[in-house]
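Please keep the sequence and the structure in view while I talk.

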Amino acid sequence: MRFNLADDHPTISLGMDRGRVELDIFHGKVGPPGKPGPAGPGVAAELARLGGRRAMTFAHAMLAKDNSVGVLFLGDSKVEGTGLTQVAQRWQNQFMGTLRTVFPVAGGDTGYGYWPADYLTFYDLDKQPTHSAGVVPLGYDGGLGNRSVHVPVNAYVEWQGVVTGTSVRVYYTRGSVYGTMEVLVDGTVATTVNTAGADAAGRFVDVAVTAGTHTIRVRCSATNAIRPEGLYVQTSATGWHHYDGSHSGYMTTDYVQNGTTGPQATRHWESVAALPRPVGLAVIGLGANDMSSLSADQFGANAAALVARIEATCPRAGIVFLMGAMRVEDARSAGAGDYPGKLIEFEEALRAAIGDNPRVTILQESALWTPLNATPANPASPVEQDPTGFLADSVHPSIFGHQQIAAYLRARTT
């Protein structure tokens with residue numbers, strides 16, 4: 001505990017659930033910044049420190065020095081956009097719009113970002129790359145969020161309507177048994193790359209283009225299959241650069257696990273290290289899947305390991321950890337006697353693990369929405385669990401939910 005509740009809340013009995021009181025303070029339900037309120041100025045100051053802008057100081061320092069900032073998003077399907085139909089509806093894209101608007105650079109709307117070779121959501125987001133017959137999404141090996149694809153000879157992955165500056169960068173995974181990759185711009189071969197070699201993710205080739213809108217196709221032309229990871233589009237070296245490293249279904253474990261089988265955490269971080277502009281802000285959206293599979297202690301340990309991995313790979317980055325709320329089905333299975341106790345336990349484990357790190361800001365989705373009743377009279381009724389329409393289903397935010405998350409991030413970071 002980093003502040004004395006007895007000092008700031010003299011009327012609170014310390015025998016009550018201190019965790020819930022602290023979370024209510026953290027969420028701003030009492031003593032919001034700038035208003036003494038019932039919590040008093042001490043709690044308001046603590047709220048400003050913990051739920052405020054300290055992660056952004058790192059991004060601002062990079063912006064002042066480099067006139068550009070890379071923003072890396074890590075997270076599960078809530079971050080990748082399951083339940084939506086447009087990439088622009090996602091809270092990560094809306095937050096990028098906020099950063100570009102509130103903290104513009106000379107030259108205006110600049111930067112831009114990364115399109116993966118595959119989205120792993122269960123819906124068809126627009127800007128979904130086209131895969132020809134035979135292409136297999138891997139979902140575990142290489143690229144931001146491990147979303148590379150296996151492309152056999154004569155097959156391809158294609159991005160349409162790509163607005164570019166004067167170059168695009170194609171990322172791929174190299175391997176001893178991989179083949180020849182062609183990059184085509186508007187149907188014409190622009191370059192050919194032999195992707196065989198020592199195993200490594202985050203390899204890339206830059207292709208010159210005219211500024212405008214293009215179709216970029218990556219094709220396997222000979223010998224063995226290739227593994228494209230994604231496409232980086234840069235409209236300017238300055239500005240805010242969007243790096244989408246989310247992955248539906250992921251937990252903290254999947255970003256910190258090493259090994260040669262299963263989730264390839266090492267390959268993902270190789271790809272992060274190869275990004276064209278340094279990361280000045282990492283935004284993490286995890287927790288909902290963790291609560292269904294891990295203990296609170298495991299979650300906290302993983303969160304600490306993930307933060308350490310970001311610090312090692314992106315040493316100039318501030319970190320915002322937006323912890324997801326418990327899923328409706330998990331709240332129901334927990335029962336009235338255990339909910340919201342489990343959610344509080346995980347939120348406090350996160351704060352204990354990384355809350356004292358000076359580069360980390362912790363935010364909680366439960367400040368916006370939590371299942372209201374673990375044992376509703378009608379378990380099938382979404383209204384009893386989610387009367388505001390925050391969710392599109394039992395776990396994923398609706399368009400409204402994504403708007404609420406984006407507004408929450410803006411309020412707490414800008």
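This is a predicted model: local features need pLDDT of at least 70, side-chain atom pairs count only at pLDDT 80 or more; totals for chains, interfaces and linings use all residues.

Which residue is the bridge partner of L184 in strand 9? It is V189. Residues are numbered from 1 along each chain as its sequence is written, and side-chain values use heavy atoms, with hydrogens and water left out.

Strand 9 pairs with strand 8 (residues 180-185) in the antiparallel sense over six bridges; strands here are DSSP runs of E of at least two residues, helices are runs of H or I of at least four, both numbered from the N terminus, and two strands pair if DSSP finds at least two bridges between them. Both belong to an open, antiparallel sheet of five strands, in the order 3-6-11-8-9, whose edge strands, strand 3 (130-131) and strand 9 (188-194), each pair on one side only.

Turning to the rings, the structure holds nine aromatic pairs, where rings of Phe, Tyr and Trp (its six-membered ring) pair if their centres lie within 6.5 Å, with planes under 30 degrees apart counted as stacked, over 60 as edge-to-face and the rest as tilted. One of them joins Y250 and Y255, whose centres are 5.0 Å apart with planes at 85°, so this pair is edge-to-face. Both Y250 and Y255 are buried, meaning under 20% relative accessible area, as against exposed at over 50% and partly exposed in between (1.4 Å probe, protein chains only).
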